[in-house]
Amino acid sequence: MQNPFPLRLFLGLALLTSGFAQSDRDIGEIVVKADFQTIPLTISASSPELQNLALTAFNTHGSYRLVASGGAYLINFAAGGGNQVTVTINKGSGGTVHTQTVSGTSLRNALLRAADVAVTKTCGLRGYFAGKLAFVGERTGKTEIYTSDLFFGELLKWTSDGRQVIGPRWGGTSGDRIVFTSYRTTFPDIYVLELGNRRISLLASFKGTNSGGRFSPDGTRTAMVLSGEGNAEIYVGNASGHQLRRLTKNQSVEASPVFSPDGSRLLFTSDAPGRPQLYMMPVGGGSMTRVTSGVSTYCAEPDWSAADPNKIVFTAAEGKGYRIAVWDLAARSGRIIQAKGVPLDAVEPVWLADGRHAICTFRSANVRYLVVVDTESGKATRLSPTAFGNASGASYLAQ
């Protein structure tokens, strides 16, 4: 069985050699929702381009079902002057629910922002369509960092040196930085890309492996995994990667740190019980507390929802493959998500802005592409075009 690609680098390397990623099936409480109720929508727009983008966006959302006519809501998008789109929402039975003119950085962005308004007004969830992606793309045959909107529009390539890059993550709330791991020297180091001037600088380059860089939600701190003292441990420092403090001190391998939405705790992977599981601890230091139990013998690559701080999404082994799974901290229970119609491994999940949908990498032997998955219904929709080539390791920035 293949290992997830990659478990924020070091855990994958360490566990491959130690034999922890086995195919044992150990599934506890699993809930797969069937016959999920959807809201029928009828969508129109002032141009074919806007209509096609709106249809593409709403088709990814598990709350909706697109119909040519007779929807519970009739949503119209009309381009205005400059980069503006007016969204008008009518009930199918008659009457206007909401009208709003939305501005964006481009007409495309304004449409996605207007569609997010429609989501909030019709189903009550925060919209995720206008968010931005950072990911690893292999369009040139080499792994490079790209950014785009959620639907691969406004695509930009940010690195061009041909060095292997892993795990790009947005930095702070403004999205002006991306932290990533790269093999630019003998060992992997952590770098920061400043989007304003395209400057790439070192964040961590110590003896051994440096990986798993992550900024805190407010952008003032960084978490990372360093092995310079002989074992892969979690460290926290300031935004420049200085004033580092070692948090974990044990013989196990730690990986994939992520801050809680309020920045007070860290969630990460550890093989302390013999196989990878999820743990958390205070950012200021303290005891490790195990999070996942009974979901799978292999739980890794976690992400913490900013929309619902009780929800964690992660990669879990099931049978001979991998799936994404959700853990509810309040209920202390988890479930594996069976993405519909896709037999590939699902790894590297990250939450979208609504705390219901996630992006993950779907992967076979030689193919990797990005997919939106509704964690409630299991609906899966491909994002990265086939013509682009392999895409993986996405990070999402809410807008």
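User: In this predicted model, what makes S23 and S24 a strand pair?

Analyst: Two strands count as paired if DSSP finds at least two bridges between them. Strand S23 (residues 321-328) and S24 share 4 bridges, in the antiparallel sense, so the pair meets that cut-off.

User: Why is S24 called an edge strand?

Analyst: Look at the order in the open sheet of 4 strands: S21-S22-S23-S24, with antiparallel pairing. Strand S21 (299-304) and strand S24 (333-336) each pair on one side only, and that makes them the edge strands. On average, neighbouring strands here are turned by 25 degrees against each other, direction ignored.

User: Moving on, what makes Trp-304 a lining residue of the largest pocket?

Analyst: A lining residue has an atom within 4 Å of a pocket point. Trp-304 is one of 26 residues that line the largest pocket, and it's among the closest to the centre, along with Pro-217, Ala-306, Tyr-396 and Ala-398. The pocket's volume is about 690 Å³.

User: Which strand gives the most to that lining?

Analyst: S29 does, with 3 residues. Strands supplying at least two residues each include S9 (165-171), S13 (210-215) and S21. By type, the lining divides into 16 nonpolar, 6 polar and 4 charged residues.

How values were computed:
Residues are numbered from 1 along each chain as its sequence is written. This is a predicted model: local features need pLDDT of at least 70, side-chain atom pairs count only at pLDDT 80 or more; totals for chains, interfaces and linings use all residues. Side-chain values use heavy atoms; hydrogens and water are left out. Axes are lines fitted to C-alpha atoms, for helices over the stretch in contact, and angles run from 0 to 180 degrees between N-to-C directions. On a 1 Å grid over the protein atoms alone, a cavity is a set of points where a 1.4 Å probe fits but cannot get out, and a pocket is an open set with protein on both sides within 12 Å along at least five of seven lines; lining residues have an atom within 4 Å of a point. Grid points are joined across faces, edges and corners, and a volume is the space filled by probe spheres set on the points. Ala, Val, Leu, Ile, Met, Phe, Trp, Tyr, Cys and Pro count as nonpolar, Asp, Glu, Lys and Arg as charged, and the others, Gly among them, as polar.
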